[in-house]
Amino acid sequence: MRPRGMFYMLKGTPRPAARPRFAVELEPIGAPGTTSREMLAIAARFDRTFRGTRRDPDIRFITTLPGAHFFRARAGRTTLGYAVINPRGRVGPAGVIDPRYSAGLAWAIQRAAREMGAETIVLTVPGMNTGALDAFFRAGFKTVFFGAWMAAKPVGSFESYVLAGGMLL
């Protein structure tokens, strides 16, 4: 195992912010607290890029947590990724395949969490995802933990990815 990069666990209040240049809209898929074939297919499409593999058991677990919402991340008609958010403030996994939209995803996550009634959100962002980190830090989020992501070999494309709420799933 070798260090492959830093990750930051962030905590903050999802506040209204100016819409970024490369904004993302989150489109809900399915009912909260459930998993569907469509959710798994969307997640698999992007997890193959982000993580190098499908992660159906993780997605099933996270999406069936009470109140968890699965969203398709879109820019116009183009699907760029996905996000899972619940009203208790757990965010992730989430990601977009184009790093230019990372700040837009951070903006959309805060907006969706706020609309769900989350007072605080917690999430983990890879250090190479500077777009999301910058957006969250500008919104007043604080680092509550940081560490090194370890792997036996390089995997995926983490520059536009948010890990599951404080856990490496």
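Reader: What volume does the largest pocket have?
Author: The largest pocket has a volume of about 160 Å³. A pocket here is an open set of points on a 1 Å grid over the protein atoms alone, where a 1.4 Å probe fits, with protein on both sides within 12 Å along at least five of seven lines; lining residues have an atom within 4 Å of a point. Grid points are joined across faces, edges and corners, and the volume is the space filled by probe spheres set on the points. This is a predicted model, in which local features need pLDDT of at least 70 and side-chain atom pairs count only at pLDDT 80 or more, while totals for chains, interfaces and linings use all residues. Residues are numbered from 1 along each chain as its sequence is written, and side-chain values use heavy atoms, with hydrogens and water left out.

Reader: Which element gives the most to that lining?
Author: Helix α3 does, with four residues. Helices (H or I, at least four residues) and strands (E, at least two) are DSSP runs, numbered from the N terminus. Among the lining residues are Ala103, Trp107, Gln110 and Arg138.

Reader: Is Gln110 buried or exposed?
Author: Gln110 is buried, because its relative accessibility is 4%. Buried means under 20% relative accessible area, exposed over 50%, and partly exposed in between, with a 1.4 Å probe and protein chains only. Gln110 lies in helix α3. Beyond its neighbours within four places in sequence, Gln110 is in contact (heavy atoms within 4.5 Å) with residues including Thr13, Ile121 and Phe141.

Reader: Turning to α1, where does it bend?
Author: Helix α1 bends by about 25° at Ala44. The bend is the angle between axes fitted to the seven residues ending there and the seven starting there.

Reader: Which residues of α1 are buried?
Author: Met39, Leu40, Ile42, Ala43, Ala44, Phe46, Asp47 and Phe50 are buried. The buried residues of α1 pack against several elements, including β2 (25-29), α2 (56-63) and β5. Just after α1, Gly52 takes a positive phi of about 85°.

Reader: Which peptide bond is cis?
Author: The bond from Gly92 to Pro93 is cis, with omega near 0°. Pro93 belongs to strand β5 (residues 91-96).

Reader: And where is Ala152?
Author: Ala152 sits in the loop between β7 (142-151) and β8. Ala152 is exposed, since its relative accessible area is 60%. Not counting residues up to four places away in sequence, Ala152 touches Met1 and Arg4.
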